[in-house]
Amino acid sequence: MDLELQGKVAIVSGGSKGIGRAIATMLAGEGARVMIAARSQGPLDEAVEALREVAPGRVAAIAADMTDPAGVADVVAATRATFGPVSIAVSNVIGHVIDSKKEGDGPGAGNFASMPSPEYRREFQHLFVSAWALAHEVIPDMQAQGWGRICNIGSGVAREPATELPHVLPNVVRPAVAGMYRIMAARLAGDGITVNNILTGSILTERNLSYWAWLAAQTGSTFEEVTASFHNRIPVRRQGDPKEMAALVTFLCSQQARHITGQSIPVEGGSSRHL
Amino acid sequence: MDLGLNGRTALVVGPDDDIAAACRSVLAAEGARIATSLDDGAIDIVVAHATQRHGSAVMAIESAAEWHAAWDEVVAALDVFGRALPGMRQRGWGRFVWVGTAGSRSLDAEAPGQLDEVGAVTSLAMRAAQKVIASEGGPEGVVANSVLRGGAATADDVASAVAYFCSQWCGYITGASVDVTGGVGSGMF
């Protein structure tokens with residue numbers, strides 16, 4: 001299927017690793033010009049080198065903190081200068097890690113009873129303000145073109161809080177992002193701009209691998225025991241591949257997906273339980 | 001119906017508006033003592049609500065600071081809930097109610113142009129928090145629900161639902177959100 005993405009200018013945050021990198025790769029493979037942003041220069045350099053093999057001349061990178069609106073503005077300005085007005089924006093920022101020694105870089109560990117309330121503000125800055133700031137910064141370009149695609153890499157907890165895990169921070173903040181996007185979608189529909197949110201399930205990324213290794217060490221189990229017990233809770237009995245996330249995002253960015261907006265779409269192997 | 005609120009102590013937090021006044025009034029009429037702060041005795045019930053911002057628009061927000069100002073109410077509510085929870089668990093009984101907007105369920109929960117879009121965003125967060133609190137507090141008799149106002153709901157309509165969710169009869173309804181909208185709003189879930 002020709003997704004009609006040739007020449008479209010895209011920004012992918014968190015684009016140097018995992019899901020973000022898979023999205024950047026697939027968008028570039030479909031002919032888009034892609035700016036990837038991430039905090040650390042090293043992984044960015046490595047990612048952009050690999051991406052240039054797929055899409056020579058159509059990929060660039062910039063180091064920035066996408067949880068800071070000033071960082072977002074820098075990235076958007078650099079993208080305009082390199083490729084022109086922005087047509088596609090994929091927000092892909094992880095929650096803040098309070099203490100990586102305790103959490104193994106897992107998502108915002110802690111339950112409600114033990115969570116100091118200021119942490120809700122830090123998580124809001126990471127997950128909500130990042131998604132809002134990127135959208136806010138690129139909307140004028142999209143309105144001028146009468147065409148735009150905005151996607152957020154959210155989480156299944158937006159619709160169904162993970163109460164069996166100590167994930168109170170994403171549990172509380174992710175639904176707010178989904179709601180903000182839903183409202184933006186309604187207000188931007190007349191401008192040819194779609195706004196969608198992905199409800200990510202368990203996807204096997206580098207970060208996820210390091211989390212399993214950490215959890216195995218914590219519980220005195222083997223890596224295989226930890227993942228097998230987890231996989232048994234997923235109807236398809238495996239974690240997702242980042243490419244399976246990237247494929248949905250790429251489709252949502254296509255011309256064909258122009259009537260799909262304001263949605264929160266799960267990619268989670270059938271794990272959720274709501275109707 | 002005896003709501004079983006005699007001898008219970010309730011704290012109503014958030015802006016001092018008609019919703020707060022109506023909640024205090026109906027809870028007091030049902031026999032609860034109204035506390036003035038978290039330190040005013042053993043708190044059995046906490047009701048929190050947001051500022052009503054009819055017509056607030058997501059697309060009109062121009063800075064992260066504006067979002068943080070809205071988020072203040074979430075942080076403040078969760079702070080009070082978190083401080084009240086240990087005592088409730090110890091005593092084996094507690095009620096948390098969040099009063100938010102039905103705009104968090106339906107874009108048409110209020111008359112055109114009247115939707116509180118910013119409140120819809122913060123209410124989604126609080127509804128999720130209530131679900132988490134319901135899960136954590138359930139084993140010790142602590143329940144947590146949300147009342148979503150919309151349509152032409154009066155403060156008394158809202159306060160009646162709040163009182164029910166604070167009552168002795170509301171022990172098995174938890175993590176739920178109920179619309180008080182007079183039937184306005186198309187969203188099912």
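Leaving aside its neighbours within four places in sequence, with which residues is B:Trp71 in contact? In this predicted model, B:Trp71 is in contact (heavy atoms within 4.5 Å) with A:Tyr120, A:Arg121, A:Phe124, A:Val172, A:Val173, A:Ala176, B:Thr122 and B:Ala125, its neighbours within four places being left aside. Local features need pLDDT of at least 70, and side-chain atom pairs count only at pLDDT 80 or more, whereas totals for chains, interfaces and linings use all residues. Residues are numbered from 1 along each chain as its sequence is written, chains are lettered from A in the order in which they are written, and side-chain values use heavy atoms, with hydrogens and water left out.

The contact between the chains draws 31 residues from chain B and 30 residues from chain A. About 2,800 Å² is buried between the two chains, 75% of it on carbon and sulfur atoms; buried area is the accessible area (1.4 Å probe) that two parts lose on being put together, summed over both. On the chain B side, B:Met59, B:Trp71 and B:Leu107 lose the most area to chain A, together 21% of what that side buries.

Two salt bridges (a side-chain nitrogen of Lys or Arg within 4 Å of a carboxyl oxygen of Asp or Glu) are found across the interface of chain B and chain A. B:Glu117 forms a salt bridge with A:Arg187, with the closest N and O atoms 2.5 Å apart. Helices α2 (64-91) and α3 (117-137) of chain B, defined as DSSP runs of H or I of at least four residues, each supply at least two residues of the side of chain B that touches chain A.
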